[in-house]
Each structure stands twice: as structure tokens, then as C-alpha cells.
Amino acid sequence: MAAAPFDADGIDTGRPHPARVYDWFLGGAHHYPADAEFGTRIVALDPTARYGARHNRWFMQRATRHLAGPAGVRQFLDIGSGIPTEPNLHRVAQDLAPDARVVYVDHDPLVRVHAAGLLRGTGAGATAFVEADARDPELILERAAEVLDFSRPVALSLVAVTHFLPDTGTGTGTDGDGDTDGAHAVVARLVDALAPGSHLVLSQLSGDEETAWVGEAVDQYTTGGVALVPRTRAQTERFFTGCALLAPGLVQPPDWRPELGVGEVRDGTRVPLYAGVGRRE
Ligand SMILES: C[S@@+](CC[C@H](N)C(=O)[O-])C[C@H]1O[C@@H](n2cnc3c(N)ncnc32)[C@H](O)[C@@H]1O
């Protein structure tokens, strides 16, 4: 078998990667032909897929507006942050709260390459990037603590990320099914580290809806060694254990507080993701 092509930064360009495919869906410029081919196949199966990606992004922005605004949160930990797309989370937060401190985390080296542009925050606030796997919460918490004070509220975002984390990890331990690095155990560990008044912002591919492209995406990603795990409403709600879901609860992204949107385009198309914000109790 031919070796996968790698570019000068050690980035595997030969197969689709979640951050780059998402960049293609959003109309960005930081992806490779393998990502564009995959995205094109998905859009052929479901022409609304790009609409869904944009609405996922807008959900993150509206949630951040609520948190940096009325909720008064000043610290943000965005895991699976993706390739920067304007406006990124720190821009939204620091527009409302210039002293907001933001730590981005992603495991894709291409995100790291483009993260330099992220680090220009406001003078009063702080913006940092950590290259790490979401399944290593101890490393993430240790590195994030260099910028964030975990004795005070933190908004933890895992937006369109948990569906890339399988349920069955390789560890032995605390998740009821014997895993310490399965998706629910990882999120539980991160939520456990948050002070009361912190928030969890999460969206997740729904396993409750018939979508033409999900089967194709699961097959394609699995072939490339990436898990893609749609989850039911109950499985998604379980990520919020220890948090009280804010109104309107777990909904499709366009329905989460649409009044906070700026310049969004809506045509009523259904987006097969669950999205919600919970407040740590
Ligand atoms: C669909 S993008 C979402 C980007 C951003 N959160 C948003 O919603 O706009 C998923 C991101 O999760 C990252 N990701 C996937 N699995 C990951 C893991 N195990 N650890 C860290 N990041 C991961 C990908 O690299 C990608 O940037």
C-alpha cells in the first residue's frame, strides 16, 4: 500500500479529516482535494449539508454571545475548535467582554498551523492554542490552567466534536462501560473540573434522524481511521450530566435562541444535530 502523502508540516493530506472537511463545508480555503471530494459526495447526497455546517457555527456564536453577555462568563475553553473561521469564538467573546480569556484546543496539526492568527486577542484578554487530543482531558486541563482560572466559571465548548469521539475507549475505569477515554467519560471529566456557574456548550450529530449522507460519512471516516458516532437525544443529554440545560433545551442548532443571531440565513431546513447549553450546578 502506498504511504499516505504528508506535507512539510507532517499533515496527512491523502484522506479526509474532520477540520478540513468542515472548512470545505463552510467555504474556507484550508483543505485538500481529499476533503473537497468527500464534501462534494456528501452534498450530492444531501444538498443541505453546508447549511447545517453554517448553522452549527452560528449556534456556537450565539451561545458565546449569551455567555459573554448576560451570563457574565469571562473564560472559554473551546475543544475541537477547528480551522479559524471569522468570527472565531474569541472575537465574539472579546467584542462583548474585552477581558475574556480563551483557550482553543484541537488535535489537527493544520489547525495549529492556522492558529497563529487566532492568538491576536484584545490587549485586556488572552487567547491561546493547545494542540491536544480531546481524549486526554488531564493534559488539556493542565495546559488550559496556564491561561484559565478553574476556580472561576469557564465556558467549555465541544461543538460538533463529540461525534468524533467513540464510546468505547481503550482505558479501564470510570464510565460504567469500563472506559476512561470514551466520549462520555471524557466530557464528564472535563465538566467535573468546572466551577459552579460554568457552562457546557455542545452540539452532536443526531442518531434519531434519517439522513441520506450520515451512512456515507460514517463509512468514509471509518475507512480513514476516524470514528463518526451519531447519538440519540438521550445519549446526547447524558453529556450534560451535572449541568442544567438552559432554555430552550436540546434543540436543532437554528432553534437555539435565534434572537441572538447576527446576519444569519434561515430557510427552515432541518439540521440533524442536537445543540444545547448547560449550566454547571
Ligand atoms: C466539525 S469541526 C467543528 C469545529 C468547531 N468546533 C465548530 O463547531 O465550528 C470538528 C473539530 O473537532 C476536531 N477533533 C476531532 N476529533 C478530535 C479529537 N479527538 N481531539 C481534538 N480535536 C478533535 C477536528 O480536528 C475539528 O477541528
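**Aromatic pairs**

A: Tyr221 is a buried residue, with a relative accessible area of 5%, where buried means under 20%, exposed over 50% and partly exposed in between, using a 1.4 Å probe and protein chains only. The model is predicted, so local features need pLDDT of at least 70 and side-chain atom pairs count only at pLDDT 80 or more, while totals for chains, interfaces and linings use all residues. Residues are numbered from 1 along each chain as its sequence is written, and side-chain values use heavy atoms, with hydrogens and water left out.

Searching the whole structure gives four aromatic pairs, a term for rings of Phe, Tyr and Trp (its six-membered ring) whose centres lie within 6.5 Å, called stacked when the planes are under 30 degrees apart, edge-to-face when over 60, and tilted for the rest. One of them is the edge-to-face pair of Phe59 and Trp256, at 5.9 Å centre to centre with 80° between the planes. Because Phe59 belongs to helix α3 (residues 49-68) and Trp256 to the loop between β6 (243-245) and β7 (273-280), this pair ties together parts that are 197 residues apart in sequence; helices (H or I, at least four residues) and strands (E, at least two) are DSSP runs, numbered from the N terminus. Phe59 is buried at 0% relative accessible area, and Trp256 is buried at 0% as well.

Another edge-to-face pair joins Phe164 and Tyr221, 5.6 Å centre to centre and with 85° between the planes. It links distant parts of the chain, 57 residues apart, with Phe164 in the loop between β4 (155-159) and α7 (183-192) and Tyr221 in helix α8 (residues 212-223). Phe164 is partly exposed, at 23% relative accessibility, and ring pairs link Phe38, Phe164 and Tyr221 into a cluster.
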